[in-house]
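Please read this short report with the sequence and the model open beside it.

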Amino acid sequence: MKRKSRPLSWLWAGILIAILNVAVSNVYMSDRPIGASTAYPYLAGLLAGLKETIYMQEIAKHGSWELYFLLGALVGSFFTSLIWGDFKVCLIPERWKEAKGNSVGLRVFWAFTGGFLLLFGARLAGGCTSGHILSGGMQLALSSLIFGAVAIISFLITGRLFYGWHKR
Amino acid sequence: MTKAFMVGLFFGWILQRSRVNTFDKIGGFAMLKDFTIHKVLVTAIGVSSILLFMEIQLGLASLHIKPFNVIGIISGGIIFGMGMAILGYCPGTLIVSIGEGAADAVIGTLGGLLAGLLFVFLYPQIKLFIGPNLGNSNLYTHNPIITGLIVLFFGVTLIVSAFYIDKKREKKR
């Protein structure tokens, strides 16, 4: 099915994410805000058979919630992208090509390294864009506001250094 | 768990339909070529902060604040920001992007799972130096009216800033 349409505007996306997060937090729903990064050590720990370790026991509850949440996100995005004709198997994104060229090896290396840093950092801090920036920000939590500020500064400096090496 | 799955479906739909899951939006923000991510995040935080405060006042939700482990938050924030700029996805959008066929997101997820595995192993040692824990505080006060004003100011400022950035970027084009 091909029916390219105008995507949701930034304003609608922001409002819908806000409503979703407030709805999830309701005591009659999940009584917790959204979050994603705990699912990674949880899944890795399950696959490696490490259920008895301290960390796995600490994150068991949140880890499984977030794993189901991400599974839903995967399925949701798969069907949405099929319906609206956005589904496309692609290894090198357009803007990466513009900045870094067509090398498959380069993208694979940096995607893996980036993914590693992303999750290791998130677990050190105890949250990511969902759990800290969106959900913690919504609660005006000090830990999350500081995390958000540090993360965005690091993000912009890294972006400047990393993509600035090549033509802009 | 069906609830978590349903929430995920909506999350996947919103992100996919607004394209904010893509490298071109997130990596594009790292290159300062696209500010969509920034506008969406700031709007979402602003709107939800006001709605959540009302929900809490009605007794329908409670706070779930993450601890402020100083070293963990700061070093984690730095490493996370680096990873997000290089990878061009965050832990949630990574999975949303796999759903629409992004193969580099699969590679990023493998990197993330390896980091997760390492974290499970190293946690007993890591735990010793992520502190000191400054507690689970936020900007709420004991007085609900003052807190309401703080939240309103916070939320409205964020929403207005999103519109401001939007207008400014429109002019540049």
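## Terms and source

A residue is called buried if 20 or more other C-beta atoms lie within 10 Å of its own, exposed if 12 or fewer do, and partly exposed in between, with the C-beta atoms placed from the backbone. Helices (H or I, at least four residues) and strands (E, at least two) are DSSP runs, numbered from the N terminus.

This is a predicted model, in which local features need pLDDT of at least 70 and side-chain atom pairs count only at pLDDT 80 or more, while totals for chains, interfaces and linings use all residues. Residues are numbered from 1 along each chain as its sequence is written, and chains are lettered from A and ligands numbered from 1 in the order in which they are written.

## Chain B and its helix H5

Chain B has seven helices and zero strands, and its C-alpha trace spans about 50 × 50 × 35 Å along the principal axes. Of the 173 residues in chain B, 53% are buried.

Because nine of the nine residues of H5(B) are buried, this helix is largely enclosed by the rest of the structure; among them are Pro91(B), Leu94(B) and Gly99(B). After H5(B) comes Gly101(B), with a positive phi near 100 degrees.

## The side that touches chain A

Counting two residues as in contact if their C-beta atoms, placed from the backbone, lie within 7 Å, 102 residues of chain B are in contact with 110 residues of chain A. The largest share of this side of chain B, 17 residues, comes from H6(B).
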